[in-house]
Amino acid sequence: MHIPKPGRFIDPFTDFGFKRIFGSEPNKDLLIDFLNALLAGERVITDLTYDKTEQNGILPGDRKVIFDLLCKGIDGEQFIIEMQRIRQEYFKDRCLYYVSSLIRDQVPVSLTKWDYLLKPVYLIGIMDFCFDDAAEHDFIHRISLRYPSGEVFYKKLGFVYVEIPRFDKQEKQLCSSMDNWLFLLKHMNELDKLPLFLRKPVFEKLFEIAEVSNLTKEEKMAYDASLKQQRDWYATTEYLLKEGKKEGILFAKLETVRKMKAKGMHEDLIRELTGLSVEEVRNA
């Protein structure tokens, strides 16, 4: 998991940083450039409009859906952009629920007849963790509905997941616009200036709005609060992982104790070999 650090530039993995870079109308050219780099060859985005991130269901009792970012292209295609900082057991399920809610909301309420024509829906997941079932050498996963032969079955539903921890390219290895973006997302708050090889208008603007010294007093307070929240998440996650490892080790030792007892070994010898207390060995 990414550990936030104070630096010259804001950390894009904080809520404040992510939305300052990608979530405002004056800076939408940054999001357009990022999405075009990510979806190269599949879709070209010329303009975007930001939609409200909280969506109500069609019926009064429907559950609300709250996205990190929701945008719409000029042809009506919708883009959900999620920055997922911590591992979540049902993250894939949540993503499917999100896109399903947007598909459902395309049903025209006022029409008695409808031909089921749908607009494309994409979900972009920028992740600060890795899927357990993904290949270690892949850091971008493009998911779509396909035939067993590999040909696309349906072109208007897509998921793109970016595993930032697996992106380990160094400056000399960057060979595409997507590489440049991922390098910046991963290392921005560690840099003290815009690298020479990224001297492009889009990145110059990015670094200008990301410079901490350019924040207002209120924005700086909001960013500091976002940093604190991120550090708290990290500390809590690390604690739970350590406790989980301790419980796993203890469980394994107790299982070994039970096997030793079954073979008639004396409790004193078991304690010496396992390092467990009298009570732990006796109650195993």
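Biologist: What makes both faces of β5 count as covered in this model?

Modeller: In this structure, which is a predicted model, Gln-78, Ile-80, Glu-82 and Gln-84 on one side of β5 and Phe-79, Ile-81 and Met-83 on the other are all buried. Buried stands for a relative accessible area under 20%, and 7 of the 7 residues of the strand are buried, so that β5 is described as mostly covered. In a regular strand the side chains alternate between the two faces of the sheet.

Biologist: Which strands pair with β5, and in what sense, parallel or antiparallel?

Modeller: Strand β4 runs antiparallel to β5 and is joined to it by 4 bridges, with Cys-71 standing opposite Phe-79. Strand β6, residues 121-127, pairs with β5 in the parallel sense over 7 bridges, and there Ile-124 is the bridge partner of Ile-81.

Biologist: What lies between β4 and β5 in the hairpin?

Modeller: The hairpin of β4 and β5 has 4 residues between the strands, and Gly-76 in the turn has a positive phi of about 95°. Glu-77, in the loop between β4 (69-73) and β5 (78-84), is linked to Arg-43 in the loop between α2 and β1, 34 residues apart.

Biologist: Why is the contact of Arg-43 with Glu-77 called a salt bridge?

Modeller: The closest N and O atoms of Arg-43 and Glu-77 are 3.6 Å apart, and the definition asks for a side-chain nitrogen of Lys or Arg within 4 Å of a carboxyl oxygen of Asp or Glu, so the pair qualifies. Glu-77 has a relative accessible area of 3%, and is therefore buried.

Biologist: Why is Arg-85 called buried, and what does its side chain contact?

Modeller: Arg-85, placed in the loop between β5 and α3 (91-104), has 8% relative accessibility, which is under 20%, and therefore counts as buried. Its side chain makes a polar contact with the side chain of Asp-15 at 2.8 Å, and a polar atom of the Arg-85 side chain lies 3.1 Å from the backbone oxygen of Met-83.

Biologist: Why is Ile-86 not called buried as well?

Modeller: Ile-86 also lies in the loop between β5 and α3, but at 29% relative accessibility it falls between the limits of 20% and 50%, so it counts as partly exposed. The C-alpha atoms of Ile-86 and Phe-129 are separated by 6.7 Å, although these residues are 43 apart along the chain.

Biologist: How do you know that helix α2 is largely enclosed by the rest of the structure?

Modeller: Of the 11 residues of α2 (residues 28-38), 8 are buried, so the helix is largely enclosed. The buried residues include Leu-31, Phe-34 and Leu-38, and Lys-28 is one of them too.

Biologist: What makes Lys-28 count as buried, and with which residue does its side chain meet in a salt bridge?

Modeller: Lys-28 has a relative accessible area of 17%, under the 20% limit, and is therefore buried. Its side chain meets that of Asp-47 at 2.9 Å, N to O, and because Lys-28 lies in helix α2 and Asp-47 in the loop between α2 and β1 (48-50), the pair ties together parts that are 19 residues apart in sequence. Asp-47, at 29% relative accessibility, counts as partly exposed, and Glu-25, Lys-28 and Asp-47 are linked in a network of salt bridges.

Terms used
Residues numbered from 1 in each chain as written. Predicted model: local features only at pLDDT ≥ 70, side-chain atom pairs only at ≥ 80, totals over all residues. Heavy atoms only, no water. Buried < 20%, exposed > 50% of the residue type's maximum accessible area, 1.4 Å probe, protein only. Helix = DSSP H or I, 4+ residues; strand = E, 2+ residues; numbered from the N terminus. Polar contact = N/O pair within 3.5 Å; in protein donor to acceptor, adjacent residues only side chain to side chain. Pairing = 2+ DSSP bridges.
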